[in-house]
Amino acid sequence: MAQGSGSARAVLALVLLCMLLHGDLAESKVYTVGDRGGWTLSSGGWSRGKRFRAGDLAMAQGSGSARAVLALVLLCVLLHGDLAESKVYTVGDRGGWTLSSGGWSRGKRFRAGDVLLFKYGRGAHNVVAVNAAGYRSCSVPRGSRTYSSGNDRVTLSRGTNYFICSIPGHCGAGMKMAINAA
Ligand SMILES: [Cu+2]
């Protein structure tokens, strides 16, 4: 998922909430004939000066709150979806994927489906998804996937994901990362 989608979802939730609550305000009203006095011998003049609309009096009094509950449930579903959805992490944050970004992942918690965005000068580095042996020995096992655009998105799979830069000397200098995704 793109990074903006979380706030887009929150906006959608608020718009839906507003629509539902506004719908609540705009919906037909329930008038109690005679107000507190009720429908009595003296309530004949009660309607004087009031403006009614077609559909008024037809709605049950509880429907307004039912609508509000529906709005809140939708809001929760949307906001919860927001929390559960995958995140995009820029490796090394502002610094990007460099010789010194090996420790960047320390203390962070990742989940399968999260996306790592590797940013670096094209040609200066690359990103190779390797296995544990490749990570340990700074070698590229046959069949490893190499990314080299300088703006590479890699989706984490469950378990440990290993990445190295295969430009000679870089991995040995610390340009390697092992990331555990829950
Ligand atoms: Cu490199």
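Figure 1. Three bridges connect β3 with β6, and the two strands run antiparallel. Across this pairing, A129 sits opposite F163 of β6. What we show here is a predicted model, in which local features need pLDDT of at least 70 and side-chain atom pairs count only at pLDDT 80 or more, while totals for chains, interfaces and linings use all residues. Residue numbers start from 1 along each chain as its sequence is written. Strands (E, at least two residues) and helices (H or I, at least four residues) are DSSP runs numbered from the N terminus, and two strands pair if DSSP finds at least two bridges between them. β3 also pairs with β4 (residues 145-147), in the antiparallel sense and over three bridges. There, A129 has R145 of β4 as its bridge partner. Taken as a whole, this open sheet has four strands in the order β4-β3-β6-β7, with antiparallel pairing. Its edge strands, β4 and β7 (176-181), each pair on one side only. From one strand to the next the twist averages 25 degrees, with axes being lines fitted to C-alpha atoms (for helices, over the stretch in contact) and angles running from 0 to 180 degrees between N-to-C directions.

Figure 2. A nonpolar core is a set of buried Ala, Val, Leu, Ile, Met, Phe, Trp, Tyr and Cys residues joined through C-beta atoms within 7 Å. The largest such core has 18 residues, among which F118, V127, V128, F163 and I164 touch the most other members. At least two core residues come from each of β2 (115-119), β3 (127-130) and β6 (159-164). β3 gives the most to this core, with four residues. In soluble globular proteins, nonpolar side chains tend to be buried together.

Figure 3. Two residues are in contact if their C-beta atoms, placed from the backbone, lie within 7 Å. Neighbours within four places in sequence aside, F118 is in contact with V91, W97, V127, Y147, D152 and V154. The view also takes in an open sheet of three strands, ordered β1-β2-β5, with mixed pairing. β1 (88-90) and β5 (151-155) are its edge strands, each pairing on one side only. The twist from one strand to the next averages 25 degrees. Five bridges hold the antiparallel pairing of β2 and β5; one place to look is K119, whose bridge partner in β5 is N151.

**Figure 4. S148 in the loop between β4 and β5.** S148 belongs to the loop that links β4 and β5. Because it has 15 C-beta neighbours inside 10 Å, S148 counts as partly exposed. Its contacts, leaving aside neighbours within four places in sequence, are with R122 and N126. Follow the chain from S148 to K119 and you cover 29 residues in sequence, yet their C-alpha atoms are 9.8 Å apart in space.

**Figure 5. Two loop residues with positive phi.** D93, in the loop between β1 and β2, has a phi near 50 degrees, a positive value in a residue other than glycine. D93 counts as exposed because it has 10 C-beta neighbours inside 10 Å. C138 is not a glycine either, and its phi is positive at about 55 degrees. This cysteine lies in the loop between α3 (132-137) and β4. C138 counts as partly exposed because 18 C-beta neighbours lie inside 10 Å.

**Figure 6. The whole chain, with two stretches to read with care.** The protein chain has three helices and seven strands, following the pattern α-α-β-β-β-α-β-β-β-β along the sequence. Of its 182 residues, 16% count as buried. The chain averages a pLDDT (the predictor's confidence in each residue, from 0 to 100) of 80, and 69% of the residues score at least 70. Residues 1-6 have pLDDT below 50, and beyond near neighbours in sequence this stretch has five contacts in the model. Residues 14-18 also have pLDDT below 50, with four such contacts. Where pLDDT is low, the predicted coordinates should not be read in detail.

Note on methods: A residue is buried if 20 or more other C-beta atoms lie within 10 Å of its own, exposed if 12 or fewer, and partly exposed in between; C-beta atoms are placed from the backbone.
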